[in-house]
Amino acid sequence: MNSENNMIPLIIFIATFILLTLLISLIKKKVNSNTKIDKYDERQKIIQGKGYAYGFYTLLAYNALYGCFSIFIDKTLADPLVSGVFGIAISVCVFAVYCIWKDAYLAINDNINMMILVFGLISLSNGFSSYSAYKHGLFISDGILTYKSVSLPCFLFTAVIFVALVIKKISTKSEED
């Protein structure tokens, strides 16, 4: 009975991931069928290239710092999956926020409201999964973040992207007025 309760956050995370992947692919398919122009202009592609570079450098710095930090501590801080996902989440977040601020995250005909909705839903689902794992005491075992806490970095980076999109929408709306 106890092992079944331990699997609930993982099942919620996997089901949420599958459902949101399907939702995003359906939205992309609908958007792609209605548009005939290039998705991104040259300026956006250049900015995205810089964003990829900044994200990559962030991942390198994270891995170097985490590696150096773990040398000086006898005990690891997190399960390898969690530490890897944290690094990926931070680097993707750097890329996304940089591109959002430079107007290169959304394609020319993309709707910012749809992206806000998608990232809000992803963030909420990961937040609920994280809370559930924390509430059931599955986050930390023997002082180490377990693989059951992997939804936490996903929640954090999607929440940051969600907030960046909302702020960008508000600032764009105020510039137009």
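Which helix gives the most to the lining of the second largest pocket? That is α5, with four residues. Before we look around further, a word on the ground rules. This is a predicted model, in which local features need pLDDT of at least 70 and side-chain atom pairs count only at pLDDT 80 or more, while totals for chains, interfaces and linings use all residues. Residues are numbered from 1 along each chain as its sequence is written, and side-chain values use heavy atoms, with hydrogens and water left out.

## Pockets

On a 1 Å grid over the protein atoms alone, a pocket is an open set of points with protein on both sides within 12 Å along at least five of seven lines, a cavity is a set where a 1.4 Å probe fits but cannot get out, and lining residues have an atom within 4 Å of a point. Grid points are joined across faces, edges and corners, and a volume is the space filled by probe spheres set on the points. Helices (H or I, at least four residues) and strands (E, at least two) are DSSP runs, numbered from the N terminus. For the linings, Ala, Val, Leu, Ile, Met, Phe, Trp, Tyr, Cys and Pro count as nonpolar, Asp, Glu, Lys and Arg as charged, and the others, Gly among them, as polar.

The largest pocket has a volume of about 790 Å³. It is lined by 32 residues, of which I24, Y105, V118, F119 and I122 are the closest to its centre. Two or more lining residues come from each of α1, α2 (42–72), α3 (80–101), α4 (112–135) and α5 (151–176). The top contributor is α1, with 10 residues.

The second largest pocket has a volume of about 220 Å³. Its lining has 15 residues, and D103, L106, I112, K168 and T172 are the closest to its centre. Here is how the two linings divide by class.

## A cavity and its serine

The structure also holds two cavities of 30 Å³ or more. In the second largest cavity there is about 50 Å³ of space, lined by P9, L10, F13, S129, Y147, K148, V150 and S151. Helix α1 (residues 2–34) supplies the largest share of this lining, three residues. By class, the lining has five nonpolar residues, two polar and one charged.

One of these lining residues, S151, lies in helix α5. Is S151 buried or exposed? S151 counts as buried, at 2% relative accessibility (buried means under 20% relative accessible area, exposed over 50%, partly exposed in between, with a 1.4 Å probe and protein chains only). The side chain of S151 makes a polar contact with the side chain of S130, at 3.0 Å. Such a contact is a pair of N or O atoms within 3.5 Å; within protein, one must be able to donate a hydrogen and the other to accept it, and residues adjacent in sequence count only if both atoms are side-chain atoms.

## Aromatic pairs

Across the whole structure, a search finds six aromatic pairs. Rings of Phe, Tyr and Trp (its six-membered ring) pair if their centres lie within 6.5 Å, and planes under 30 degrees apart count as stacked, over 60 as edge-to-face and the rest as tilted. Among the pairs is the edge-to-face one of Y54 and Y98, with 5.0 Å centre to centre and 85° between the planes. This pair links distant parts of the chain, with Y54 in helix α2 and Y98 in helix α3, 44 residues apart. Y54 is partly exposed at 40% relative accessibility, whereas Y98 is buried at 19%.

Y105 and F119 form a tilted pair, 6.3 Å centre to centre with 50° between the planes. Y105 sits in the loop between α3 and α4 and F119 in helix α4, 14 residues apart. F119 counts as buried, at 10% relative accessibility.

## Cysteines and backbone

How many disulfides does a search of the whole structure find? The answer is zero, where a disulfide is a pair of cysteine sulfur atoms within 2.5 Å. The sulfur of C93 is 12 Å from the closest cysteine sulfur, in C154, so it is too far for a bond. C99 has its closest cysteine sulfur in C93, 12 Å away and also too far for a bond. C99 is buried, at 0% relative accessibility.

Finally, D103 has a positive phi of about 60° although it is not a glycine. D103 is found in the loop between α3 and α4 and is partly exposed at 42% relative accessibility. D142, in the loop between β1 (140–141) and β2 (144–145), has a positive phi near 55° and counts as exposed at 65%.
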